[in-house]
Amino acid sequence: KEEPDDTMGSGAMGIATTEAMPYATMLISQFGGDEYDTGSCLGFAPAHRTGPGNTVTQRDWQVPSPESTDFVKLEPWGVPCDNQWAKDNPGK
């Protein structure tokens, strides 16, 4: 993991993707005023969950939703960057 130093830029961050392949960026967090790479990726899940044990179902990703007829309210989560985690935990 890369430790922050005085040569690292600060300010705005941009994220770009291509249609050909997915893109992952570092999820940075601050501890004691210093920024660190958490080793996690940013993931999103529906805020409203109808599955057993508060898990996400396919229907939870679709509109209309309990919050709106136009959108599904999503919550951000720090998740492992490995695709296998998402395959093993589809209800999260």
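**View 1. Gly53, an exposed loop residue.** Gly53 is exposed, with a relative accessible area of 75%. Here, exposed means over 50% relative accessible area, buried under 20%, and partly exposed in between, with a 1.4 Å probe and protein chains only. Gly53 sits in the loop between S3 and S4.

The model is predicted: local features need pLDDT of at least 70, side-chain atom pairs count only at pLDDT 80 or more, and totals for chains, interfaces and linings use all residues. Residues are numbered from 1 along each chain as its sequence is written, and side-chain values use heavy atoms, with hydrogens and water left out.

**View 2. The chain as a whole.** The chain has four strands and one helix. The order from the N terminus is β-β-β-β-α. Helices (H or I, at least four residues) and strands (E, at least two) are DSSP runs, numbered from the N terminus. Of the 92 residues, 15% count as buried. The accessible surface is about 7,400 Å², and carbon and sulfur atoms hold 53% of that. Areas come from the Shrake-Rupley method with a 1.4 Å probe; for residues, only the protein chains shown count as cover. Among contacts (heavy atoms within 4.5 Å) with a separation of 6 or more, 46% join residues 24 or more positions apart.

**View 3. The disulfide of Cys41 and Cys81.** The whole structure holds one disulfide, defined as a pair of cysteine sulfur atoms within 2.5 Å. Cys41 and Cys81 form the link, with S to S at 2.0 Å. The link is right-handed, at 105° about the S-S bond. It ties distant parts of the chain, 40 residues apart: Cys41 is in strand S3 (residues 40-46), and Cys81 is in the loop between strand S4 (74-80) and helix H1 (83-88). Cys41 is buried, at 11% relative accessible area. Cys81 is partly exposed, at 41%.

View 4. Asp60 lies in the loop between S3 and S4. The side chains of Asp60 and Thr50 make a polar contact of 2.8 Å. A polar contact is a pair of N or O atoms within 3.5 Å; within protein, one must be able to donate a hydrogen and the other to accept it, and residues adjacent in sequence count only if both atoms are side-chain atoms. Beyond neighbours within four places in sequence, the contacts of Asp60 include Pro46, His48 and Val72.
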